[in-house]
Amino acid sequence: MIVKQLPFKGRYETLIDYILRGSTDKQNGEQDFTIFKNISGGVDRNTVVNSFIQNDKYRGNKIRTRCQHIILSYHYKSNPSPEALWKLTNEFLRLRGMDRCVVFGKCHAEPSSGCLHIHLAVSQNLFLQAKSVRISKKEFIDQNKDLEMYQQKNFPELHDSIVFLKEKNKEQERYQTSEAHTHTNALIELVNQLADTAVNLQHLHQLLEEHPELEPYSRGNTKYYGVLWKNNRKYRLKKLITPERYSSLERLELLREVMERSEQEYDRDQSQTL
């Protein structure tokens, strides 16, 4: 999954109303996903808002941010079950140490693709304390990897939403070291040079289009499948690019797709509140 964390300094009512308004509860007519921590007396709108307000009294002046708006996004090809959403969200909160904060969250679905996002409001300070959760950038990445290891182990069907963990393709390594394919060494070197400058698969596709000797092509639902070279011979990108580099571009492309969808949904919903 993609984890996006936005510091929120506005009114709690604004964030809670946004989370409730976009919830899939309204689409399905039932309570399909709700997560909360350190909230008692129910999860209706006023109780949730008051829980954040009461906890905020303990924040103190040293903690300037009121809460965090966290978005856990899944790839549009994934279709996580309510059980998967529940367990993965709880594991995320546990790894971050945010299960000790005031937490409220709902599931949103992107209208056109059905891409799922979990939106969480998490208090900056721990429950009834003047302390906050602090992690370094390295810890942030390490925790994301731990979360995906948990996801890969318990919900392997969500492989399209794996970002930080990718297995190497042994077929790629055999192809690039095989003496039978020495004729393609020039093409391998050329494509890898372009891959080294690309920021994701979409960008690589653009670089291939701009090169006078190369022409990218798609196959079925796979947009960035291969390249045409000399006498229109076809070569798969996965067999040309080194496994590590292709895996990195694939992760960055996944990040681009999910972040783009998440930002479009967020911007659209925010514009409706203005």
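**Strand pairing, helix packing and backbone geometry**

Val227 stands opposite Tyr235 in β8. This pair belongs to the antiparallel pairing of β7 with strand β8 (residues 233–236), which extends over four bridges in the predicted model. The two strands form a hairpin with three residues between them, and Lys230 in the turn has a positive phi of about 50°. Strand β7 (residues 222–229) also pairs with strand β6 (residues 215–219), again in the antiparallel sense and over four bridges. Here Tyr217 stands opposite Gly226 of β7. The hairpin of β6 and β7 has two residues between the strands, and Gly220 in this hairpin adopts a positive phi near 60°. Strand β7 is mostly covered, with six of its eight residues buried.

A further set of five strands forms an open sheet in the order β1-β3-β5-β4-β2, with antiparallel pairing. Its edges are β1 (2–8) and β2 (34–37), each of which pairs on one side only. From one strand to the next, the twist averages 15°. Within this sheet, strand β4 (residues 101–109) and strand β5 (residues 116–126) are joined in the antiparallel sense over eight bridges. Val103 has Val122 of β5 as its bridge partner. In general, strands of a sheet pair through backbone hydrogen bonds, in either a parallel or an antiparallel arrangement.

The overall composition comprises 10 helices and eight strands. Of the 274 residues of the protein, 49% count as buried. Among the contacts in the protein with a separation of 6 or more, 70% are accounted for by residues 24 or more positions apart.

Helix packing is illustrated by the pair α1 and α3. Two packed helices are described by the angle between their axes and the distance between the axes. Helix α1 (residues 12–21) and helix α3 (residues 45–56) pack at an angle of about 145°, their axes lying 10 Å apart. The crossing of α1 and α3 is right-handed. On the α1 side, the contact is made by Tyr12, Glu13, Ile16, Asp17 and Leu20, which meet Arg45, Val48, Val49, Phe52, Ile53 and Asp56 in α3. The residues of this contact divide into seven nonpolar, no polar and four charged.

Helix α4 (residues 82–96) contains Arg94. With a relative accessible area of 47%, Arg94 is partly exposed. The C-alpha atoms of Arg94 and Leu147 are separated by 9.9 Å, although the two residues are 53 residues apart along the chain.

Backbone geometry was also examined in the loops. Most residues other than glycine have a negative phi. Asn38, by contrast, has a positive phi, near 55°. Asn38 is placed in the loop between β2 and α3, and its relative accessibility of 32% makes Asn38 partly exposed. Leu128 likewise has a positive phi, near 55°, in a residue other than glycine. The position of Leu128 is in the loop between β5 and α5 (137–154). Leu128 counts as partly exposed because its relative accessibility is 39%, a value between the 20% and 50% limits that separate buried from exposed residues.

Conventions
Residues are numbered from 1 along each chain as its sequence is written. This is a predicted model: local features need pLDDT of at least 70, side-chain atom pairs count only at pLDDT 80 or more; totals for chains, interfaces and linings use all residues. Side-chain values use heavy atoms; hydrogens and water are left out. Axes are lines fitted to C-alpha atoms, for helices over the stretch in contact, and angles run from 0 to 180 degrees between N-to-C directions. A crossing is left-handed if the near helix is turned anticlockwise from the far one by less than a right angle, and right-handed if clockwise. Contact means heavy atoms within 4.5 Å. Ala, Val, Leu, Ile, Met, Phe, Trp, Tyr, Cys and Pro count as nonpolar, Asp, Glu, Lys and Arg as charged, and the others, Gly among them, as polar. Buried means under 20% relative accessible area, exposed over 50%, partly exposed in between (1.4 Å probe, protein chains only). Two strands pair if DSSP finds at least two bridges between them.
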